[in-house]
Amino acid sequence: MPPHDLPPPPTWIIPNFVLRVEDLSHPGASIFFDCVKPKEALKLAVEASYTWLYTPFTAPTHVKTITLVLRPFDGVAYTCGTHEMKEINFSLDWIKSSEARARDEILGVLVHEVVHCYQYNGNDTCPGGLIEGVADFVRLHAGLAPPHWRRRAEEKWDAGYDATAYFLDWIEERCGEGTIRKLNGSMKDSIYRVELFEKVTGESVSSLYALYCEHVKETG
Ligand SMILES: [Zn+2]
């Protein structure tokens with residue numbers, strides 16, 4: 001008999017997904033369809049965003065549709081759209097150039113972009129480096145870090161992307177699981193201030209970053 005007092009598993013609200021491929025004859029399109037099932041890939045990305053930034057009780061419900069547009073362009077991917085209707089543009093050229101590890105790269109980029117659909121940004125006051133760091137923090141925790149990512153001590157804590165993601169990961173380790181979830185939550189209704197770190201962790205971001213850089217230098 002299964003126990004009856006266990007809470008039910010979390011059920012996340014999955015938005016409507018739309019896929020638009022603007023060049024089906026591009027080799028990146030064939031690689032995409034050979035490597036992932038679009039609906040499953042987008043669902044995984046939404047669930048990763050929810051899992052690392054929210055609880056079933058706090059997950060935002062504003063995103064109604066995510067449209068994934070696959071087309072050739074310089075660069076990797078970007079997200080635009082409205083509060084309810086998000087559009088992720090993903091470069092077919094990038095997918096082609098990542099052929100050797102296309103599945104992980106496609107899923108990793110999708111996780112990063114879908115985080116942008118859901119993360120809080122202090123009413124657009126959050127620095128870009130932290131926005132990108134949070135997106136790559138979720139990618140890292142989803143097990144989709146590219147092989148070249150390394151912990152490194154940059155001059156600034158908010159250098160962005162994987163550099164900031166590993167710093168956030170270290171904060172999560174030091175201050176406990178859910179710390180970055182709290183940091184994200186703290187930017188829901190109030191504007192971003194650097195003191196938010198101290199409020200969430202008990203330590204200022206500059207002293208945390210100094211400790212982190214020491215740790216990186218010691219551990220390589
Ligand atoms: Zn980004």
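Visitor: How far apart do the C-alpha centres of domain 1 and domain 2 lie?
Guide: This is a predicted model, in which local features need pLDDT of at least 70 and side-chain atom pairs count only at pLDDT 80 or more, while totals for chains, interfaces and linings use all residues. Residues are numbered from 1 along each chain as its sequence is written, and side-chain values use heavy atoms, with hydrogens and water left out. The chain is divided into domain 1 (12-118) and domain 2 (121-220), with bounds that come from an automatic or database domain assignment. Between their C-alpha centres the separation is 23 Å.

Visitor: Which residues of domain 1 lose the most area to domain 2?
Guide: The contact, meaning heavy atoms within 4.5 Å, takes 18 residues from domain 1 and 18 residues from domain 2. The buried area, which is the accessible area (1.4 Å probe) that two parts lose on being put together, summed over both, is about 1,500 Å² here, with 65% given by carbon and sulfur atoms. On the side of domain 1, 46% of what is buried comes from three residues together, namely Trp52, Leu53 and His112.

Visitor: Which residue forms a salt bridge with Arg139?
Guide: A salt bridge is taken as a side-chain nitrogen of Lys or Arg within 4 Å of a carboxyl oxygen of Asp or Glu, and between domain 1 and domain 2 the count is 1. For Arg139, the closest N and O atoms of the pair are 2.9 Å apart, and the partner is Glu105.

Visitor: Which helix gives the most to the side of domain 1 that touches domain 2?
Guide: Helices (H or I, at least four residues) and strands (E, at least two) are DSSP runs, numbered from the N terminus. On that side of domain 1, α2 (38-53) and α4 (102-118) each supply at least two residues. With 9 residues, the one that gives the most is α4.

Visitor: Where does Glu173, the salt-bridge partner of Arg151, lie?
Guide: The side chains of Arg151 and Glu173 meet at 3.5 Å, N to O. The pair links distant parts of the chain, 22 residues apart, with Arg151 in the loop between α5 (128-141) and α6 (161-175). Glu173 itself lies in helix α6.

Visitor: Which residue in β4 is the bridge partner of Gly81?
Guide: Strands pair if DSSP finds at least two bridges between them, and β3 (residues 77-81) and β4 (residues 85-91) do so in the antiparallel sense over 5 bridges. These strands form a hairpin with 3 residues between them. In β4, the partner of Gly81 is Lys86.
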